[in-house]
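Subject: The structure we talked about

Hi there,

Here is the structure I promised to send over. Have a look at it first, and then read on for my notes.

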Amino acid sequence: MTPEIPIEEARWLARARKGDERAFAQLVEAYEQPVFNLCYRMLWDGPEAEDAAQETFLKAFRGLHRHDPDRPFRPWLLSIASHHCIDRLRRRRLRLTSLEDLQGEEIPAAPSPGPEATALEREHSLRVQQLLAGLAPKERAAVVLRYWYDLSYVEIGQALSLSESAVKSRLHRARRQLADLWRAGEEKPLAAGGRQNEPSAA
Amino acid sequence: MNLQQPELVRQDPDLPGWAEAEAALQAAPMLSPAIGFSRRWRLHLTARRARHARRQSLWSLGLALGGALAALAVWALLGPLGSPADMAVELGLRAAAWGRGLDLLLGLADALLGALPLVLRALGGLGLLFTLGWLSALWLASLYRLSVQEIRNGG
């Protein structure tokens, strides 16, 4: 059974399918946060995540005729974002950008209640991103879709073009790696700094 | 491997360090882009459309020039292509005529040159017409697709 699509969203989609840019802009506003968060969690770079999110929406707008109106829009959009980020990560690897290059930059302050909370949040955020950065692109995407978007194995499989059993296997491997990384992190102090222009939490 | 997976998934919570890592993932917030994301998206879309329109103009110009050059090339090639064949036929006939003892060859060449060109002319003409027609249709379709067709949803 597919989840029900909100009436307003269905209306925007129908209008956007006819080329109505303003209707699609409503969808952009509605989904900018989940798409951006996915891109940031995947790429760990604020400006690149923004660019990837923009590209995701452009791709979605262009390929809207391929979206099944009876299926929810969100997983379809997240699937485009995931594939786009995986491609970017592969290209990045081809450019031989090492993980070390991605570290050592200062995280700008995000709005928070106080300096102690800020420091804790930043440390926590850095820790999470370091954990994710230790995973292969598809495994990273599976973990993000599972833990931030609460997608089922089937939905993750649809988003990443994998079978349900492949998703389970990848998630298991990812969990083992994350546990190892966590333990390694406990033994070693955190690397100072993180990515530049870290976005704010919702 | 698949048969083992349910067991593997069940084992996940027992992995040392996993509970803490999972708690960290679950506590991580949903991040937002900088304010004005949808406005930037519209600007992005407008820029993309302008780029697409520029590309269409370039394609249009390129195809028009390419088509004109191809037509010129066909025009220029058709003349020279005809004359060597005529010359070859003439030479063959002369050579055959010079060889007095080669009546059989002359007869054969005569039969070939007399009979084949009729078929070849008909087939060649039809083939040439078909090829030119197909190339023109392809050129027109490309011109329409790349230079005239409306830009939909950002190109």
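Which residues touch the most other members of the largest nonpolar core? They are A:Val35, A:Cys39 and A:Ala142, in a core of 54 residues. Helix 2 of chain A, residues 21-43, is the top contributor to this core, giving 11 residues. Please keep in mind that this is a predicted model.

Setting aside neighbours within four places in sequence, A:Val35 is in contact with A:Ala53, A:Thr56, A:Phe57, A:Leu77 and A:Ala81.

Now for chain A as a whole. Its secondary structure consists of eight helices and one strand, and along the sequence the pattern reads α-α-α-α-α-α-α-α-β. Chain A has 202 residues, and 41% of them count as buried. If you take the contacts in chain A between residues at least 6 apart in sequence, 70% of them join residues at least 24 apart.

Next, how the two chains meet. On the chain B side, 34 residues are in contact with 40 residues of chain A. At least two residues of that side come from each of helix 1 (5-11), helix 2 (18-27), strand 1 (31-32) and helix 3 (37-98) of chain B. Helix 3 of chain B supplies the largest share, eight residues. Sorted by class, the side of chain B that touches chain A holds 19 nonpolar, nine polar and six charged residues.

B:His52 lies in helix 3 of chain B. Is B:His52 buried or partly exposed? With 13 other C-beta atoms within 10 Å, B:His52 is partly exposed; the cut-off for buried is 20 or more. The C-alpha atoms of B:His52 and B:Leu146 are separated by 9.6 Å, although these residues are 94 apart along the chain.

Happy browsing, and do write back with any questions!

Best wishes

Technical notes: Residues numbered from 1 in each chain as written. Chains lettered and ligands numbered in written order. Predicted model: local features only at pLDDT ≥ 70, side-chain atom pairs only at ≥ 80, totals over all residues. Contact = placed C-beta atoms within 7 Å. Helix = DSSP H or I, 4+ residues; strand = E, 2+ residues; numbered from the N terminus. Nonpolar A, V, L, I, M, F, W, Y, C, P; charged D, E, K, R; others polar. Buried ≥ 20, exposed ≤ 12 C-beta atoms within 10 Å, placed from the backbone. Core = buried A, V, L, I, M, F, W, Y, C linked by C-beta atoms within 7 Å.
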